[in-house]
Amino acid sequence: MSSGSDILQTDAPPSQPAEKLCAFKPDLLLSEDHHLCPGCGEPIAVRMMLEAIKELECSRRAVGVIGIGCYTALTGIIDTDLVQALHGRAPSVATGTKRMLPNGLVYTLQGDGDMVNEGLQEVIHSAARGENITCILLNNGVFGETGGHMTASTVVGQRTKNTIDGRDAKEHGQPILISEMLAQLSGTAYVARCGVFNASQTVHTKRILRKAFQTQLDGKGFSFVEILTMCPTGWFVPVPEGPDYLENVLGSVHKLGELKCE
Amino acid sequence: MTQIKSRGTVNIATERCKGCELCIPVCKPEVLRMSTNRNKLGMRYPELLPGCTGCTACLLMCPDFCFEVYRYQEPILHEVDV
Amino acid sequence: MTRVLMEGSEAMAKAAIAAGCRFFSGYPMTPFTETLEYFGKHLPDVGGVSINAESELEAIGMAWGALATGARAATGSTGQGLALMQESLSEITRAELPLVYFNMARGQGDYYQATRGGGHGDYRNIVLAPIDVNEAVELTQLAFYLADLWRNPVQIYGDYLLAHTNETVEISTMEFPPLPPKDWAVDGSLGGTGKSRNINPIGMSKLKHEIEPEAFWRRLHVKHKEIEQAEARYEEEFLEGAEMLVVAFGTVARFVRYVVREMRSEGIAVGYIRPITLWPFPYEAISNAAQNTQKVAVLEQNGGQMIDDVRLAVLGSAPVVALGGFSSDEAGFGIGPIHGTDNIRDRIEHGLAGQEVMP
């Protein structure tokens, strides 16, 4: 209905009296610039994580332990204390950090290649130990950083560079549903899966992250948040179709919900 | 001519935009659309039409932190061609 | 302070706690297990944390996380377990965290692993090889000091004999020069200030997208050159007038030293030199000693590993003879005939006759 001449000026804050509802970046991000691909879900999830930390007034006690994946590129701009771990090892590193820093809010940030492939035993053992940390999984079902290879959470049928006709259960096996696996362990206090494929789910993701962090602050034990994120580059789908693909392809196997809340 | 009300608006850092278009379908009032021009990165970027509600959905879905969202104290009225 | 009879494993763990170690994580493996047991029993007494990790990979990860908070932390295993930790060892070195780790090895076959490592990239770890339990008590405390001083991992290389020999020891906290504050350690307190920390092994810093790897590696390289200059330690006896110099390290050197003393008292012109630090290797001391002797013999309990460093030190100024060798009990724990003075005397006599001993 509107024509080209209706385009509004949006290159500066409005000149009329207005309340700023939300700034470009969360307070705990040092800069908006990063090298992640167009349509990537990871910065969206990290925004929610940093906002949750800020809202819980934990900015000055949070220590992140970061895995290796695309999101590692964000360590230059995340403004909480950080420890860079090796691929898969973040839950163990976070264990040592938390034990020596019991009042810290210690979280890990890992991808599915990092957590569900390379470091599967680390997250399972830390969960079983009831380690009072929060592990955050950014699950896009693919090794994004290497250019789109199958991980242990790639869903059947999903195309990756080494399952070019789609993951075939007979040949490549079935994906690991890590949240379901961790929820079974008596050491876990909070387990939930969410996704950033639309605005309301993104807001819900922050709500879940707050609950997980609160679980740790209350000393209840291991908390776990799996966030499904878009990787159109690694999925070989058009960038704008990323959210739909996430919701309908990955989300139909890695089902959203709170699996455990104690 | 008709009047459209904008209760909110956005400040868009178009030069940072990587053109992913994730903001377009999440905009409930459908007042974002992609430009025909390209920025320095060679990407098309979102442009705002009258009718923004200041819901922040675009900001929530933007991986590149390109949106700042405002709510007007008094809604702004735009005269547009139908 | 009174002297008490203690097993090496326990004495080293007790010395570590006296040095301020407050975190230990390990996975049991013979002959290292008793060190783990002692930490588990006694660290909680001083408010410390000891974790019986589910694997070596996780043990060293936990120590990494504890070190990042500025705590004195340690891990350990035997060479087999340390093989699993190599990836983390090289990265912890690049993250410049002051890890102390024990290798209660099954013999001396881990010399390459200890001094060269199996990890990726350029890195160096200080390696201290005690000759006996008393020296192990001192070197353990020194290890924590050196680790903090250089912000670099330090290994205590022992073996079954060191771990399981009882000696009377006195363990009290040793004094070292003051160290700079650990202002690099994470405690979360700088979050949101724009000055938050990022402890990482890749040279990443906040607000920097490029890591400039060459500059980062070069800085570490310079540090490692400084360690080489400053920290080489060794022990020598009877270098004066020695026709042959015997180089040995660790517990085997204890028997070598005994035999050399015995032979010298009989007028046989042998000398003895023992690297206390396997890295940095005392190249200069051995190079100097080699100028005044006819040949240099290397007696190590393996197929010939330290002999490479001895050759690099001697640089052709004297022949270098290998005196071997493999020696173990049937279980493979590394206690064998080489831990006998007759066996060692026989090897040294072969060396004097210009004969190599097959390992």
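Tutor: Chain B and chain C have no contact with each other, and their closest C-alpha atoms are 15 Å apart. Contact here means that the C-beta atoms of two residues, placed from the backbone, lie within 7 Å. The model is a predicted one, in which local features need pLDDT of at least 70 and side-chain atom pairs count only at pLDDT 80 or more, while totals for chains, interfaces and linings use all residues. Residues are numbered from 1 along each chain as its sequence is written, and chains are lettered from A and ligands numbered from 1 in the order in which they are written.

Of the 2 pairs of chains in contact, chains A and C share the most contacts. Chain A brings 37 residues to this contact and chain C brings 40 residues. On the chain A side, β2 (62-66), β3 (81-84), α2 (90-100) and α4 (120-128) each give two or more residues; helices (H or I, at least four residues) and strands (E, at least two) are DSSP runs numbered from the N terminus. The most comes from α2(A), with 8 residues. Sorted by class, this side of chain A holds 15 nonpolar, 14 polar and 8 charged residues, where Ala, Val, Leu, Ile, Met, Phe, Trp, Tyr, Cys and Pro count as nonpolar, Asp, Glu, Lys and Arg as charged, and the others, Gly among them, as polar.

Strands also link the two chains. β3(A) is joined by 2 bridges to β9 of chain C (residues 198-199), and the two run parallel; strands pair if DSSP finds at least two bridges between them. Within β9(C), I199(C) is the bridge partner of V83(A).

Q121(A) sits in helix α4 of chain A. Apart from its neighbours within four places in sequence, Q121(A) is in contact with E54(C) and S55(C). With 15 other C-beta atoms within 10 Å, Q121(A) is partly exposed, a class that lies between buried (20 or more such atoms) and exposed (12 or fewer), with C-beta atoms placed from the backbone.

Within chain C, the domain assignment gives domain 1 (4-169) and domain 2 (235-352), with bounds from an automatic or database domain assignment. Their centres, taken over C-alpha atoms, are 26 Å apart. In the contact between them, 24 residues of domain 1 meet 23 residues of domain 2. On the domain 1 side, α6 (111-115), β6 (126-128), β7 (154-159) and α8 (160-164) of chain C each supply at least two residues. α6(C) gives the most, with 4 residues. This side of domain 1 divides into 14 nonpolar, 6 polar and 4 charged residues.

Chain C also has an open sheet of 5 strands in the order β10-β12-β11-β14-β15, with mixed pairing. β10 (234-237) and β15 (320-322) of chain C are at the edges with a single partner strand each, so one side of each has no neighbour in the sheet. Neighbouring strands are turned by 20° against each other on average, direction ignored. β11(C) (residues 244-247) and β14(C) (residues 295-298) run parallel and are joined by 4 bridges; M244(C) has K295(C) as its bridge partner in β14(C). Helix α10 of chain C (residues 250-265) packs on the sheet and touches β10, β11 and β12 (270-275) of chain C, its direction making about 160° with that of β12(C). Axes are lines fitted to C-alpha atoms, for helices over the stretch in contact, and angles run from 0 to 180 degrees between N-to-C directions.
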